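Dear colleague,

I am passing a structure on to you, and I would be glad if you could read the notes below beside it. They go through the strands, the rings and a few backbone angles in turn.

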Amino acid sequence: SSAKLTLSQPPTTQQLLVGHVLRGIAYGNGVYLAVGGSHQMWNKSLMLLSKDGTQWTPVDQNFNGHLVDVAYGNGLFVVISDNREAWTSTDGNTWTASPLKFQGDLQGITYGQKTFVLYGSSNHLMSSQDGKSWSNHSLQKVTQARVNFSNNRFFGSTIQNLCQNQGSCNTYSLLHSHQGKKWAILNPSEQPRLVRGFHSHQDKFVVLQPKQIYL
């Protein structure tokens, strides 16, 4: 018989999450870090720290907005906020902010190849090796992207408007990049249209469409 996965919610987490929502989690340097914000107040953030995943402690820091996502790499946590700021920390307790010149809403951040890559609702990405100095990278005709890192490459699920000003004819595509800077469509003649989500592991893809699953 197959093993069953049982999940439980620690009482301390239930209390801390009243009126809040969590949007991202990462593990590094011996601690878990979860981030989010308030349901009612746009400028009220929430950050929780835990060594075992059971006992959680809120981090006392004014982040000036909701925390969108968090990534860990090369000894560093990087958290992005909807106030277009990147916050860095080595231990999850002491944080330093850097402004982000990002056009659009921030949606997530990932780490790979010694590089942090953040993405959102615009046609460009940003990359950084230290979480403080960021570079912009434009994606042609792409209006939205989601990125993760797997098997030594960055992969992105994107929405592209191939008709430009001739009406709405969006298509969903997969992109890939080795350094998070220059991107190319992944096997454009073979991939299905309307990609809604995907996951990759050791060169195997599971791709979701509204009513289909592709391998």
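In what follows, a residue is called buried when its relative accessible area is under 20%, exposed when it is over 50%, and partly exposed in between, with a 1.4 Å probe and protein chains only. Please keep in mind that this is a predicted model, in which local features need pLDDT of at least 70 and side-chain atom pairs count only at pLDDT 80 or more, while totals for chains, interfaces and linings use all residues. Residues are numbered from 1 along each chain as its sequence is written, and side-chain values use heavy atoms, with hydrogens and water left out.

Two further terms are needed for the sheets. Strands (E, at least two residues) and helices (H or I, at least four) are DSSP runs, numbered from the N terminus, and two strands pair if DSSP finds at least two bridges between them.

I begin with the sheet that holds β11. Four strands form an open sheet in the order β9-β10-β11-β12, with antiparallel pairing; β9 (106-112) and β12 are its edge strands, each of which pairs on one side only. From one strand to the next the twist averages 25°, where axes are lines fitted to C-alpha atoms (for helices over the stretch in contact) and angles run from 0 to 180 degrees between N-to-C directions.

Within this sheet, all five of the five residues of β11 (residues 124-128) are buried, so the strand is largely enclosed by the rest of the structure. In a regular strand the side chains alternate between the two faces of the sheet. Here H124, M126 and S128 point one way from β11, whereas L125 and S127 point the other way, and all are buried.

On one side, β11 is joined by three bridges to β10 (residues 115-120), the two strands running antiparallel, and F116 stands opposite S128; three residues lie between β10 and β11 in the hairpin that they form. β11 also pairs with β12 (residues 135-138), in the antiparallel sense and over four bridges, and there S127 has S135 as its bridge partner. The hairpin of β11 and β12 has six residues between the strands, and G131 in its turn has a positive phi of about 75°.

A further hairpin is formed by β7 and β8, with six residues between them and with G92 in the turn at a positive phi of about 85°. The strands β7 (residues 85-89) and β8 (residues 96-99) pair in the antiparallel sense over four bridges, and W87 stands opposite A97.

There is also an open sheet of four strands in the order β1-β2-β3-β4, again with antiparallel pairing. Because β1 (20-28) and β4 (57-58) stand at the edges with a single partner strand each, one side of each is left without a neighbour in the sheet. β1 pairs with β2 (residues 31-38) over eight bridges in the antiparallel sense, with V21 opposite G37.

H20 is found in β1, and its side chain reaches the backbone oxygen of V18 at 2.9 Å. Leaving aside neighbours within four places in sequence, H20 is in contact (heavy atoms within 4.5 Å) with G37, S38, H39, K44 and L46.

Turning to the rings, those of Phe, Tyr and Trp (its six-membered ring) pair if their centres lie within 6.5 Å, and planes under 30 degrees apart count as stacked, over 60 as edge-to-face and the rest as tilted. The structure holds six aromatic pairs. In one of them, Y27 and Y32 have ring centres 4.7 Å apart and planes at 55°, so the pair is tilted. Y27 is partly exposed at 47% relative accessibility, as is Y32 at 30%. The pair of Y111 and F116 is likewise tilted, because its ring centres are 4.6 Å apart and its planes stand at 55°, and F116 counts as buried at 0% relative accessibility. Ring pairs also link Y27, Y32 and W56 into a cluster.

Finally, a point about the backbone. Most residues other than glycine have a negative phi, and most peptide bonds are trans. The place of R84 is in the loop between β6 and β7, where R84 is partly exposed at 33% relative accessibility.

With best wishes

Technical notes
A polar contact is a pair of N or O atoms within 3.5 Å; within protein, one must be able to donate a hydrogen and the other to accept it, and residues adjacent in sequence count only if both atoms are side-chain atoms.
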